Amino acid sequence: PRLARRMASDPLEAVRQAAGQALEATGEATACAAAFAAALGDEAAEVRCLALAVLGRLGESVAGIHAAAVAARLEDADPTVRVAASRCLGCLAGAGEGQALALARRLDDEDAAAWWSAVEVLSQMGQTAASILTARLEDPDPMVRRLMGTALSHLGRSARAHMAELAARLKDEDFLVRRRVVEAVGGLRGLAWPTEDASRSIGDTRKVTEAVTFALEMLGDGDASSRFGAQEALRQLGTSMTIQAALADNLSHESEAVRRHAAGAVSRSGSLGGCGAALRGALSLGVDASSKQDRSADVRASAAQAFGRLADVAHASELAALSGLPSPEVAAATATLGGQLPRR
């Protein structure tokens, strides 16, 4: 067609671009997909961007055979073209997924828009993209880790093979990283967490129990989406071990932060359950008075708060022993139980 020839060879950039726009407007773009693919090599960035946009709109059935040519534009010197190439691949479905490794190179792009467009498109792809994004969870920049968590949450089932890495990031020092990752875990609806044998095969069963602890803590987050993600994550995590057993294990963890979060998570769980002995041990109470008291004042305070929040008559003597601690929860529980508490 004459318009296709104009787009390919007219000496004026504006005419080449107008010819391409006219081809699409008149419904001739499908028949001229090869002409648009050839225009990916045009000397003008605007024409290259137009060609990429049109090929993306044509979709996989028409433009899928040009996916490699589109991926080549990910190395374009112009960042706007690199962005357009990423978005085009995202529109080419399975053919675009075949270029995931080419997109991965854009995760080192110095242009923020080109970098983010690659992340967005990878978050719509499958297993290969999940591996690429998971590797970036180790990035030293917390902003990058947060965005990787968000991207993985969009991948859903494709992230299943990377549950161990996700669990490790549930104890990330950055709260927003933990929140994004718990949302990713929560997005795996209907999928079982690896069994205990599978956890042992990767050499870190405790990684899973720590994930339970931090997910429980997030049940008290002010953000509704975080609470939902935490609930879904707990449903997955609870398939291979009881939540209470995980918390009891973490109350003796070598990390003070994990012990403190575990004590707080007991409060969120709604029951002392199998954690009572571990909490009493941390506070040297009752039958566990001979146990070594936790060396951290913050952990002891969290343990006391857990007792106070979940108190009932059965724990009256322990509460009486704790009533001198500066804990609002303990004070409230003491007042609630009133005369049922033994006098000190």
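**Aromatic pairs.** I looked for aromatic ring pairs in this predicted model and the count came to one. The cut-off for stacked is under 30 degrees between planes.

I then checked accessibility. W115 has 14% relative accessibility and therefore goes down as buried. W116 has a relative accessible area of 32%, so I noted W116 as partly exposed.

**α10 against α12.** Both tryptophans turned up again among the α10 residues that meet α12. I looked up the geometry of this packing: helix α10 covers residues 112–122, helix α12 covers residues 142–155, the angle is about 30° and the axes are 9 Å apart. I therefore wrote the two helices down as roughly parallel to each other. From α10 I listed W115, W116, V119 and L122; from α12 I listed V144, L147, M148, A151 and L155. By class, the residues of this contact are nine nonpolar, no polar and no charged.

**α11 against α12.** Next I took helix α11, residues 127–135. Its axis comes within 9 Å of that of α12, and the two cross at roughly 160°. That makes α11 roughly antiparallel to α12. I recorded the crossing of α11 past α12 as left-handed. On the α11 side the contact uses A129, A130, L133 and T134, and on the α12 side M148, A151, L152 and L155. I sorted the residues of this contact into seven nonpolar, one polar and no charged.

Notes: Residues numbered from 1 in each chain as written. Predicted model: local features only at pLDDT ≥ 70, side-chain atom pairs only at ≥ 80, totals over all residues. Heavy atoms only, no water. Axes fitted to C-alpha atoms, helices over the stretch in contact; angles between N-to-C directions. Helix = DSSP H or I, 4+ residues; strand = E, 2+ residues; numbered from the N terminus. Parallel < 35°, antiparallel > 145°, perpendicular 65-115°, else oblique. Contact = heavy atoms within 4.5 Å. Nonpolar A, V, L, I, M, F, W, Y, C, P; charged D, E, K, R; others polar. Phe/Tyr/Trp six-rings, centres within 6.5 Å; stacked < 30°, edge-to-face > 60°. Buried < 20%, exposed > 50% of the residue type's maximum accessible area, 1.4 Å probe, protein only. Left-handed = near helix turned anticlockwise from the far one by under 90°.
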